[in-house]
Every structure is written in C-alpha cells, then in structure tokens.
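Visitor: I would like to learn how to read a model made of several chains. Please take me through it one feature at a time.

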Amino acid sequence: MQIMGRIEFDLDVLKPHIPSNYGLAQALEEVPGVFYVQIKTDEIDQKTTSIFITIKGTEELSLEAIKEKLESMNCALHSVDRVQIDKRT
Amino acid sequence: MQIMGRIEFDLDVLKPHIPSNYGLAQALEEVPGVFYVQIKTDEIDQKTTSIFITIKGTEELSLEAIKEKLESMNCALHSVDRVQIDKRT
Amino acid sequence: MQIMGRIEFDLDVLKPHIPSNYGLAQALEEVPGVFYVQIKTDEIDQKTTSIFITIKGTEELSLEAIKEKLESMNCALHSVDRVQIDKRT
Amino acid sequence: MQIMGRIEFDLDVLKPHIPSNYGLAQALEEVPGVFYVQIKTDEIDQKTTSIFITIKGTEELSLEAIKEKLESMNCALHSVDRVQIDKRT
Amino acid sequence: MQIMGRIEFDLDVLKPHIPSNYGLAQALEEVPGVFYVQIKTDEIDQKTTSIFITIKGTEELSLEAIKEKLESMNCALHSVDRVQIDKRT
Amino acid sequence: MQIMGRIEFDLDVLKPHIPSNYGLAQALEEVPGVFYVQIKTDEIDQKTTSIFITIKGTEELSLEAIKEKLESMNCALHSVDRVQIDKRT
Amino acid sequence: MQIMGRIEFDLDVLKPHIPSNYGLAQALEEVPGVFYVQIKTDEIDQKTTSIFITIKGTEELSLEAIKEKLESMNCALHSVDRVQIDKRT
C-alpha cells in the first residue's frame with residue numbers, strides 16, 4: 001500500500017550497548033524516505049539500553065524497513081508508541 | 001447531513017494486538033475525507049490494546065465511515081472524547 | 001441588541017446519551033452565526049453525560065438560539081463558564 | 001487626564017445571578033472605548049456569583065465608566081487586579 | 001549616564017490604598033520615556049497594598065524619575081526585582 | 001582567541017547592597033560587545049545580595065572583561081551557570 | 001560515512017574544574033562543522049563538575065572529533081543523551 005505525504009513514528013527500542021546511539025541514528029538515516037532521526041536514552045542497564053526513537057519521513061518510509069534495519073543491528077522494537085500520517089504535507 | 005470545512009475527532013478505541021497501530025493508521029487514512037491520523041498507545045493488556053486516535057479531515061469525513069472501518073478491523077470505538085467542527089478552514 | 005465582531009462561549013452542559021457528541025456538534029453548527037463547535041466529554045454517568053462545549057461565531061450568534069437548540073435536543077445548559085466578545089475581529 | 005494607546009483591566013466583581021454573564025458582557029461592550037470583554041465565572045453562591053472580567057479598550061476607555069455601568073447593573077467592583085497601559089499600540 | 005535602547009524594570013512596591021492601581025498607572029505613564037506600565041495586586045493589608053509594577057521605556061527612562069513619582073504618591077519602592085537593558089531595540 | 005557570532009552567559013554573582021541592580025546593569029552595559037543585560041535578585045542577606053545576571057553580546061564580548069567590571073564594583077562571580085556560543089547569528 | 005544536513009548532540013560530560021565552561025565552549029566551537037555550543041553546569045563536586053553540553057553542527061560534524069577534543073582537555077564523555085539528524089535543514 002502506498003501512502004502519500006509525511007509519516008512519523010515514536011518507537012520504544014531495546015538495544016545492546018553497541019551500536020551507539022550515534023551509530024544507530026546514522027544507520028536509520030539511510031532507510032529509504034527517512035529525513036529525520038532523533039534518539040534519546042531512556043534507561044541504561046548492564047547489557048542493554050532502552051531508547052526512544054522518533055523517525056520522520058516521506059511516503060517512501062515503511063515501518064518494515066525500519067524494523068529490518070533495527071534487527072540487523074541487534075536492536076528489538078519493543079513497541080510503536082505513536083504513528084502519525086499526514087497527507088497534507 | 002453535509003458539513004462544510006474541517007472536522008476533527010479524538011477517539012478512545014480498544015483494539016486486538018492485530019492490526020498494529022501502523023496497520024490501523026494506514027486503513028483509517030483510506031476513509032474518505034481523512035488527511036491526518038495519529039495513533040498513540042495508552043495501555044497494553046494481554047489480549048487488547050487501548051489506543052487514542054486523532055483523525056482530521058475535510059467535510060467529506062463522517063464518523064460513521066470511521067466506525068465501520070474500525071469494526072471491520074475488530075476494533076471497538078469506546079468513546080468520542082472530542083468532536084470539533086470548524087467551517088472557517 | 002446587535003453585537004459586532006466575534007463572540008465565544010464556554011458552556012457546561014448535561015446531555016442524555018443520545019444525541020451523541022457528534023450529533024450535537026452537527027446540530028449546533030446549524031445555529032445562525034456559528035462557525036466553530038468543539039465538544040469534549042467531561043464525565044459519563046448512567047443516564048447522562050457532562051460535556052464542555054466551546055462555540056465561536058459572528059455577531060449573528062445569540063446565546064438564546066444556542067439554548068433553544070440545546071433544549072430541543074434534551075440537553076440542559078448548566079452554566080456559561082466564559083463569554084467573550086471581541087469587536088476587533 | 002488623557003491616555004494614549006491601549007488599556008486593559010482585570011476586574012474581580014461580585015454580581016447577582018441576574019444579569020447573566022452574557023447580559024453583562026453585552027452591557028460592558030457598550031462602554032465607550034471598549035473593544036474586548038471576557039467574563040469567567042469564579043464561584044457561584046446562593047445569591048451572588050464571583051466573576052473575573054477582562055476588558056480591553058482604546059484611550060477613550062475609563063475605569064469610572066466601567067464602574068458606573070457595573071453599579072447600574074447591581075454589580076460590585078471588588079478589586080482591580082491588573083491595570084495595563086501601553087502607549088505603543 | 002545615557003543608555004541607548006529599551007529598558008525594563010520589575011518593581012516591588014508598597015502603596016497606601018489611595019492612589020488606586022489605576023491612578024498610579026496613569027501617573028507612572030507620565031514619567032519621561034515610559035511607554036508601558038502594568039500593575040498587579042500582590043497582597044492587600046489593612047492600610048497598605050503590595051503591588052508588582054512592570055515598567056518599560058526608552059533610553060530616556062530613569063529609575064530615579066520613577067522613584068520620585070512613586071514617593072510623591074506616598075508609595076515606597078521595596079525592591080527592584082529585575083532590571084533589563086537591551087541596546088538592540 | 002577570537003569568537004564569531006553571538007555569545008551569552010548566565011552568571012551567579014554575589015554583590016554588596018551598593019551598587020544597586022540598576023547601577024550594575026548600567027556598568028555591565030558598557031563592557032565592549034554587550035548589547036543585553038538582565039539582572040534578577042535571587043536572595044537578599046544582611047550584607048550581600050545574590051543575583052542572576054544574563055549577558056548577551058557580540059564576538060567582542062569576553063568573560064574576562066565582565067569579571068573585571070564585576071570585581072571593580074566589589075561583586076564576586078560565584079559561577080558561570082551557562083555559556084552559549086552561536087556562530088550563525 | 002557522510003551525513004547531509006544538521007546534526008545535534010546532548011552530551012553528559014564530567015570535567016575537572018579547569019578548563020572552565022567558557023574555555024571548553026571556546027574549544028568545542030573550533031571542532032569542524034560546529035556552529036552552536038551550550039554548556040550548563042549540572043553539579044559541582046570537589047574535583048570535578050558534571051556538565052550538560054548541547055552541540056549543533058553541519059554535516060561536517062562528527063562525534064569522534066568532539067570526543068577527541070573533550071579528551072584532550074581531560075573531560076570524560078559520560079553519555080550521549082540525544083542524537084538528532086535532520087536532512088531537511
């Protein structure tokens with residue numbers, strides 16, 4: 001299914017200490033359609049870090065592509081806290 | 001009855017874990033008149049998820065069409081927390 | 001008495017479960033001078049629902065016409081929490 | 001004394017149940033220089049209602065004229081909580 | 001000393017019940033350089049009222065002239081809570 | 001070292017009762033590069049007053065010049081709570 | 001890897017009392033791509049100071065260059081609390 005306009009996601013993600021927030025942001029930036037990535041640290045545990053990711057993109061962006069990228073970097077998508085689709089942009 | 005201008009709804013909805021927030025947003029985006037959909041997770045229970053949906057649309061948008069779409073995806077409209085009609089837009 | 005400009009009301013209203021917020025908003029939208037209606041649910045009891053209504057309109061809008069419309073739909077105007085008249089608009 | 005520009009008042013007023021907020025706003029709107037009146041209900045007692053009034057006007061507006069209008073409608077000006085004079089407008 | 005641009009003061013002042021806030025605002029408005037006066041009531045005691053005054057003016061405005069005006073009206077400048085000088089304006 | 005653009009400081013300063021906030025603001029305004037000074041009173045003790053100073057300036061502004069001015073007026077720079085350098089302005 | 005657009009970092013850093021916040025801001029300003037540095041003091045201990053640094057820059061900016069600069073000044077990067085990449089700017 002093709003979606004027109006702008007799409008945004010707030011993601012709750014569990015990641016190992018490697019990749020770093022910076023490395024993960026750089027990788028997500030390369031997913032087709034992405035033009036904005038923000039990663040904030042929520043909680044640091046012994047082996048993992050809970051992070052909040054906000055991703056904004058064009059109609060090209062798909063959650064599946066984001067999931068694949070996250071998994072390829074050993075990160076687990078815990079939940080999609082917000083989805084926003086805006087056709088006007 | 002025909003309504004001119006822009007209309008907005010805040011909906012309190014109970015959904016099964018499938019469809020995902022993303023899948024539901026994509027489906028609602030296809031309801032006639034809709035140009036904006038935002039879905040936020042409120043609470044995740046064992047079999048269901050409580051979500052808040054904000055939908056914005058043109059005069060074409062009807063609550064009935066939204067309800068039908070929600071029901072066709074096994075989601076229950078719990079309450080309409082906000083209705084806003086603005087003829088100026 | 002004729003009032004120039006824009007007028008706004010915040011109304012505290014008690015309504016039966018029928019009409020719905022959406023139906024009531026559609027009806028209020030038809031009152032002469034009204035260009036904006038927002039209805040938020042405050043509290044849902046067994047037989048009634050407390051709602052907050054914000055109405056904006058032009059000089060044509062009169063509180064009497066709003067009251068009549070509310071009563072014709074079995075809604076009781078509990079109080080007028082805010083009145084605002086602005087001649088500049 | 002002549003004051004140039006815009007003047008604003010926040011007034012704490014005690015009124016009987018009649019006039020209504022709407023009736024009082026309509027009357028205050030007729031005071032020379034007034035272009036904006038907002039009335040909010042603070043507290044409703046058995047015989048009186050405490051209200052907050054914000055009035056904005058041009059240099060023509062005088063507090064004396066507002067007081068007279070209030071008294072003519074059986075309202076008592078309890079205090080002037082804010083006075084603002086701005087010559088730039 | 002000459003200061004270019006805009007200057008602002010937040011003043012904590014003790015005044016007798018006469019002059020009123022309105023009378024005091026009108027008097028302060030006449031101090032050279034003043035273009036904005038706001039007076040808010042802080043606390044009303046038996047013989048005095050604590051007020052907060054915000055005054056904005058051009059380079060002409062001097063705190064000394066404000067003090068003189070306050071004293072001529074039996075008001076005591078308790079403290080200068082904020083001074084702001086902005087040469088860019 | 002030469003810095004391009006705009007620079008801002010939030011300073012925590014201890015001053016004797018003389019100079020006044022106003023006198024100190026006037027003196028700081030004369031430091032090369034300064035175009036904005038705001039002084040707020042934090043706490044008044046028997047012999048000293050704790051104040052918060054925000055200073056904005058151009059590339060010409062140096063913290064050393066501010067320190068010297070403060071010391072020449074018997075004020076002690078307790079800490080630099082915020083430094084901001086923005087080359088874009 | 002080359003990143004287009006604007007990049008921002010919120011850094012949690014531990015520094016000795018020397019360099020000062022001002023000295024550190026001046027040094028970070030010289031890292032390639034940096035156009036904005038803000039340093040706020042979080043907590044002052046006997047030998048060290050916890051600070052929050054916000055850095056904004058162009059695509060040229062790399063976290064590695066920031067880390068090197070910090071280490072060369074005896075500062076330890078405790079954590080990267082926020083990374084933001086925006087290709088639209």
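**Reading the contacts and folds**

Guide: Start with one pair of chains. The contact between them takes 15 residues from chain A and 17 residues from chain G. Keep in mind that this is a predicted model.

Visitor: How much area do chain A and chain G bury between them?

Guide: About 1,400 Å² is buried between chain A and chain G, and carbon and sulfur atoms account for 56% of it. On the chain A side, A:Tyr22, A:Glu29 and A:Phe35 lose the most area to chain G, and together they make up 40% of what that side buries.

Visitor: How many salt bridges are counted between chain A and chain G?

Guide: The count is one. A salt bridge here needs a side-chain nitrogen of Lys or Arg within 4 Å of a carboxyl oxygen of Asp or Glu. The side chains of A:Glu29 and G:Lys87 form it, at 4.0 Å from N to O. A:Glu29 was also named among the residues of chain A that lose the most area to chain G.

Visitor: What about polar contacts across the interface of chain A and chain G?

Guide: Ten residue pairs are in polar contact there, with both residues at pLDDT 80 or more. Next, see where the chain A side comes from: helix H1 (21-28) and strand S2 (34-44) of chain A each supply at least two residues. The largest share of that side is from S2(A), with eight residues. Sorted by class, the side of chain A that touches chain G has seven nonpolar, four polar and four charged residues.

Visitor: Which strand of chain G is joined to S2(A), and in what sense do they run?

Guide: S2(A) is joined by five bridges to strand S4 (residues 76-86) of chain G, and the two run antiparallel. To find one bridge in the picture, look for A:Lys40, whose partner in S4(G) is G:Arg82.

Visitor: Now the interface of chain C and chain B. How many residues are in contact there?

Guide: On chain C there are 15 residues in contact with 17 residues of chain B. The buried area is about 1,400 Å², with 57% from carbon and sulfur atoms. One salt bridge is counted between chain C and chain B, and its side chains are those of B:Lys87 and C:Glu29, at 4.0 Å from N to O. Elements giving two or more residues to the side of chain C that touches chain B are helix H1 (21-28) and strand S2 (34-44) of chain C. S2(C) gives the most, eight residues.

Visitor: Which strand of chain B pairs with S2(C)?

Guide: Strand S4 (residues 76-86) of chain B pairs with S2(C) in the antiparallel sense, over five bridges. B:Arg82 has C:Lys40 as its bridge partner in S2(C).

Visitor: Which pairs of chains do not touch?

Guide: Chain A and chain E are one such pair, with their nearest C-alpha atoms 35 Å apart. Chain B and chain G are another, at 21 Å between nearest C-alpha atoms.

Visitor: Which strands of chain E are joined to strand S1 (residues 6-16)?

Guide: In a regular strand, side chains alternate between the two faces of the sheet. In chain E, S1(E) runs antiparallel to strand S4 (residues 76-86), with nine bridges, and E:Arg6 stands opposite E:Asp86 in S4(E). S1(E) also runs antiparallel to strand S3 (residues 48-57) of chain E, with ten bridges. There, E:Phe9 has E:Ile55 as its bridge partner in S3(E).

Visitor: What should I look for in the backbone angles?

Guide: Most residues other than glycine have a negative phi, and most peptide bonds are trans. The bond from E:Ile18 to E:Pro19 is cis, with omega near 10°, and E:Pro19 is in the loop between S1 and helix H1 (21-28) of chain E. A:Asn74 has a positive phi, near 65°, and lies in the loop between helix H2 (63-72) and strand S4 (76-86) of chain A.

Methods:
Residues are numbered from 1 along each chain as its sequence is written. Chains are lettered from A and ligands numbered from 1 in the order in which they are written. This is a predicted model: local features need pLDDT of at least 70, side-chain atom pairs count only at pLDDT 80 or more; totals for chains, interfaces and linings use all residues. Side-chain values use heavy atoms; hydrogens and water are left out. Contact means heavy atoms within 4.5 Å. Buried area is the accessible area (1.4 Å probe) that two parts lose on being put together, summed over both. Helices (H or I, at least four residues) and strands (E, at least two) are DSSP runs, numbered from the N terminus. Two strands pair if DSSP finds at least two bridges between them. A polar contact is a pair of N or O atoms within 3.5 Å; within protein, one must be able to donate a hydrogen and the other to accept it, and residues adjacent in sequence count only if both atoms are side-chain atoms. Ala, Val, Leu, Ile, Met, Phe, Trp, Tyr, Cys and Pro count as nonpolar, Asp, Glu, Lys and Arg as charged, and the others, Gly among them, as polar.
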